[in-house]
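I opened a new notebook page for this chain. My plan is to look things up one at a time and write down what I find.

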Amino acid sequence: MLQCIFLLSDSGEVMLEKQLTGHRVDRSICDWFWEQSISQGDSFKHLPVIASPTHYLFQVVREGITFLACTQVEMPPLMAIEFLCRVADIFSDYLGGLNEDLVKDNFVIAYELLDEMIDNGFPLTTEPNILREMIAPPNIVSKMLSVVTGSSSNVSNTLPGATATCVPWRKTDLKHTSNEVYVNLVEEMDAIINKEGTLVKCEVYGEIEVNSQLSGIPDLTLSFANPSILNDVQFHPCVRLRPWESNQILSFVPPDGHFKLTSYRVKKLKSTPIYVKPQLSSDSGTCRISLLVGIKNDPGKPIDDVSVQFQLPNCVLSADLSSNLGTVNILTDKTCCWSIGRIPKDKSPSLSGTLVLESGLKRLHVFPTFRVGFKIMGTALSGLKIDKLDIRNLPTRPYKGFRALTRAGEYQVRS
């Protein structure tokens with residue numbers, strides 16, 4: 001049972017406080033938490049569960065905002081962490097992002113959401129579609145009405161119909177003029193390549209996103225051609241576990257609208273779609289840098305939005321960089337951003353230039369790490385293939401659409 005939830009800014013300010021039970025948690029716990037965070041650094045921020053002298057603390061950090069929950073009783077830690085992740089996702093979905101200004105501008109919405117999502121310290125309603133029926137998302141019209149009428153409440157006067165059914169994430173009387181469902185595979189590739197060009201680590205984190213516009217109570221079954229490659233699979237509550245455990249088939253009654261059906265990892269991949277080859281040589285107070293980018297394993301689709309970003313060492317006084325493709329920008333914090341765009345098949349993008357080192361330093365001793373970005377539409381680099389999608393309990397034949405997207409996650413090339 002959670003007793004209190006705090007939202008802290010990246011400066012330690014308490015932006016929101018929600019007491020959940022009759023036992024009041026004092027704000028001094030936030031001061032203790034922030035003092036520990038400053039003294040211990042980033043390692044403390046990565047701890048999901050923290051034991052303070054008086055409470056157990058659970059933290060989730062999103063976009064510089066810390067979601068902090070407190071309790072003094074024994075409880076499953078994963079339940080608290082999962083609930084905080086749900087709160088962060090719901091806030092981001094409602095507010096169109098997640099930052100300090102958005103939270104402060106929508107205090108009423110934030111408190112109304114927490115009122116519905118948790119009751120007396122126990123999670124209650126966390127399904128986005130149901131919450132949208134109960135609490136209207138903020139918009140310009142609602143803000144103008146609240147100013148004119150003096151009423152700031154966005155809570156509906158009627159209870160959603162789905163709360164009284166065995167399928168709490170879906171209405172019972174849904175009707176759509178055109179029945180259609182879209183399945184999107186969205187993947188991020190994480191890779192580490194050492195200075196010799198050897199692939200140290202390569203894995204894909206993926207999500208299966210579904211946009212369902214189906215009438216009634218449809219029953220869907222999604223099967224894969226190669227489900228054995230999936231690891232660390234997580235499901236939406238609508239997925240039935242038994243068909244997956246026995247046949248690795250996703251059987252579910254979908255929520256209405258857009259939702260994340262499942263997430264997964266595919267580990268120990270052997271190749272990457274592009275290569276980045278850095279070369280640095282320094283002597284007599286200057287450093288010569290050369291960077292080549294090209295297609296390594298052709299995915300069969302265009303590679304778009306290619307970019308390379310790296311941090312110039314503090315000992316670099318100035319830099320003169322140029323490229324044969326795209327644009328190069330050096331920011332005030334010495335971050336170099338090379339935006340390439342689409343890689344042509346007949347030309348390899350290259351960047352070259354000279355770095356001037358501070359006086360008294362002849363050679364460069366700290367070498368940058370290159371962060372690579374890209375996007376490939378129409379393919380899933382994990383190799384996951386959808387076999388078929390069966391839909392039952394519909395009077396008419398629906399339209400089914402499939403799409404795939406792979407983009408770079410933590411893709412690093414070390415020099």
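My entries on the chain, its pocket, its cores and a few residues follow.

**Ground rules.** I am working from a predicted model, where local features need pLDDT of at least 70, side-chain atom pairs count only at pLDDT 80 or more, and totals for chains, interfaces and linings use all residues. Residues are numbered from 1 along each chain as its sequence is written, and side-chain values use heavy atoms, with hydrogens and water left out.

**The whole chain.** I looked up the secondary structure and found eight helices and 23 strands. Helices (H or I, at least four residues) and strands (E, at least two) are DSSP runs, numbered from the N terminus. The C-alpha atoms fill a box of roughly 75 × 60 × 45 Å along the principal axes. Of the 415 residues, 44% are buried. Buried means under 20% relative accessible area, exposed over 50%, and partly exposed in between (1.4 Å probe, protein chains only). I then checked contacts, meaning heavy atoms within 4.5 Å. Among those between residues at least 6 apart in sequence, 68% join residues at least 24 apart.

**The largest pocket.** I noted a volume of about 1600 Å³. The search uses a 1 Å grid over the protein atoms alone, and a pocket is an open set of points where a 1.4 Å probe fits, with protein on both sides within 12 Å along at least five of seven lines. Lining residues have an atom within 4 Å of a point. Points are joined across faces, edges and corners, and the volume is the space filled by probe spheres set on them.

Which residues lie nearest its centre? They are Arg62, Asp89, Tyr205, Glu207 and Lys260, out of 42 lining residues. Elements that give two or more residues to the lining include α3 (77-95), β8 (180-193), β9 (199-213) and β23. The largest share, 10 residues, comes from α3. I sorted the lining into 14 nonpolar, 11 polar and 17 charged residues. Here Ala, Val, Leu, Ile, Met, Phe, Trp, Tyr, Cys and Pro count as nonpolar, Asp, Glu, Lys and Arg as charged, and the others, Gly among them, as polar.

**Gln412.** This residue sits in strand β23 (residues 399-414). Is Gln412 buried or exposed? It is buried, with a relative accessible area of 14%. Leaving aside neighbours within four places in sequence, Gln412 contacts Ala191, Ile192, Ile193, Thr369, Phe370 and Arg371.

**Helix α5.** In α5 (residues 107-117), I listed Ile109, Ala110, Glu112, Leu113, Leu114, Glu116 and Met117 as buried. They pack against β1 (4-8), β2 (14-19), α3, β6 (118-119), β7 (122-123) and α6.

**Cores.** A nonpolar core is a set of buried Ala, Val, Leu, Ile, Met, Phe, Trp, Tyr and Cys residues joined through side-chain atoms within 4.5 Å. The largest one has 62 residues, and those with the most contacts inside it are Ile208, Leu250, Phe252, Leu261, Phe374 and Tyr411. Strand β8 gives the most to this core, with six residues. Apart from it lies another core, of 35 residues, including Val60, Phe67, Phe83 and Cys85. I also followed Phe374, whose contacts beyond four places in sequence include Met189, Pro273, Leu381 and Tyr411.

**Aromatic pairs.** Rings of Phe, Tyr and Trp (its six-membered ring) pair if their centres lie within 6.5 Å; planes under 30 degrees apart count as stacked, over 60 as edge-to-face and the rest as tilted. I counted six pairs by this rule. The rings of Phe67 and Phe91 have centres 6.2 Å apart and planes at 65°, so this pair is edge-to-face. Phe67 is in strand β5 (residues 65-71) and Phe91 in helix α3, 24 residues apart. Phe67 is buried at 0% relative accessibility, and Phe91 is buried at 1%.

For Phe310 and Phe370, the centres are 4.8 Å apart and the planes at 55°, so that pair is tilted. It links strand β16 (residues 303-311) with strand β21 (residues 369-377), 60 residues apart. Both Phe310 and Phe370 are buried.

**Positive phi.** Most residues other than glycine have a negative phi. Asn120 has a positive one, near 55°. Asn120 lies in the loop between β6 and β7 and is partly exposed, with a relative accessible area of 45%. Lys268 also has a positive phi, near 55°. Its place is the loop between β13 and β14 (274-283). Lys268 is exposed, at 72%.
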